[in-house]
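Please look over the sequence and the model below before reading on. The paragraphs that follow go through charged pairs and then turn to a part of the surface.

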Amino acid sequence: MKYIHDINLKGKVALVTGAARGIGRACCLAMAEVGADIAVGLRDIDKDSGLIDELNELGVNVLPVQMDVSDKKQIDEAVAQIISHFGRIDILVNNAGIAPDNLIENYTEEDFDKTIAVNLKGTFFTSQAVGKQMIEQNSGRIINLSSQAGFIALAEESVYCMTKAGISHLTKCFAAEWAKYNINVNAVAPTFIETPGTEPWLNKPEFKKDVLSKILLNKVGQPIDVASAVAYLASPAGDMITGSTMMIDGGWTIV
Ligand code: NAD
């Protein structure tokens with residue numbers, strides 16, 4: 001008799017986009033630690049971040065793939081390569097995301113289009129390509145990176161906020177449409193997490209002080225905090241969860 005579902009991904013194949021650093025990197029390492037083989041989606045496969053070596057040390061099978069998620073051709077080629085190598089894909093983490101900041105009145109069309117292309121179009125078409133395989137398998141887990149910015153308005157982040165709100169709603173749409181294929185689709189919505197992406201901001205003492213005054217738990221998050229939730233949602237422990245966005249915000253959005 002077992003009284004708790006395992007958080008074990010042995011025998012599963014996971015693809016993480018934007019995996020070179022920050023939260024994506026942490027998701028690869030967390031899922032590898034609980035046994036998953038990892039397809040590492042990289043915007044620039046020629047840049048060595050040391051991640052592949054670290055994953056190999058954990059004893060799982062690893063496949064780096066060239067995958068700029070704003071380019072549908074690269075998405076389709078990478079997914080085909082992963083299927084040909086591993087024969088299946090069980091878990092997709094749509095992590096790649098960008099956040100060019102600017103006042104609304106100064107926002108450029110170029111930054112607007114780029115943010116939509118990576119955050120929304122990338123998430124949609126990566127899910128579509130991987131989903132076709134999951135439909136054939138009649139099983140799968142998709143976990144999208146939303147943000148607290150999809151639930152509250154952050155100054156100078158209007159376009160980013162819009163894409164993250166979109167991701168949480170898209171998560172529900174995919175969950176509703178693909179439940180019949182036994183594909184669970186969820187999102188996680190972190191507050192400020194210490195990553196290379198947020199470093200320039202969190203290094204400003206006034207900015208960090210303001211952030212800490214809004215996070216009720218009075219600490220910024222670490223990539224492992226997000227990666228642990230992602231591994232949970234990807235595991236048998238997440239069997240009955242679909243269409244949800246899990247807040248990982250230290251309480252910022254509840255007051
Ligand atoms: P980061 O900037 O540190 O890393 C982003 C990664 O995405 C990089 O490896 C980069 O190469 C990759 N990437 C960018 N454009 C890409 C593209 N076109 N194709 C493929 N990969 C691409 O970011 P992070 O802080 O680790 O955030 C990761 C995700 O989590 C993002 O979606 C972000 O919006 C979300 N998020 C982050 C925080 C935070 O505070 N760090 C909070 C909430 C949500």
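**Charged pairs and a nonpolar patch**

In this predicted model, a salt bridge joins the side chains of E77 and K73, with a nitrogen-to-oxygen distance of 3.3 Å. Both residues belong to helix α3, which covers residues 72–86, and they lie four residues apart, about one turn of the helix. E77 has a relative accessibility of 46% and therefore counts as partly exposed, whereas K73, at 58%, counts as exposed. Side chains of opposite charge can pair when their charged atoms come close.

A related arrangement is found in helix α7, residues 205–214, where K214 and D210 are separated by about one helical turn because they are four residues apart. These two residues form a salt bridge whose closest N and O atoms are 3.1 Å apart. K214 is partly exposed, with a relative accessible area of 34%, and D210 is likewise partly exposed, at 37% relative accessibility.

Another salt bridge links the side chains of R88 and D90, with 2.7 Å from N to O. Here R88 is partly exposed, its relative accessible area being 30%, while D90 has a relative accessibility of 4% and so counts as buried, since buried means under 20%. By the rule used here, the count of salt bridges comes to eight.

The surface also has a nonpolar side: L216, I254 and V255 make a nonpolar patch of about 360 Å². Of these residues, V255 is found in the segment after strand β7, which spans 245–248, and it counts as exposed because its relative accessibility is 78%.

Methods: Residues numbered from 1 in each chain as written. Predicted model: local features only at pLDDT ≥ 70, side-chain atom pairs only at ≥ 80, totals over all residues. Heavy atoms only, no water. Patch = residues over 30% accessible without salt bridge, like charges linked within 9 Å, V, L, I, M, F, W, Y side chains within 5 Å. Areas by Shrake-Rupley, 256 points an atom, 1.4 Å probe, with all protein chains shown as cover. Salt bridge = Lys/Arg side-chain N within 4 Å of Asp/Glu carboxyl O. Helix = DSSP H or I, 4+ residues; strand = E, 2+ residues; numbered from the N terminus. Buried < 20%, exposed > 50% of the residue type's maximum accessible area, 1.4 Å probe, protein only.
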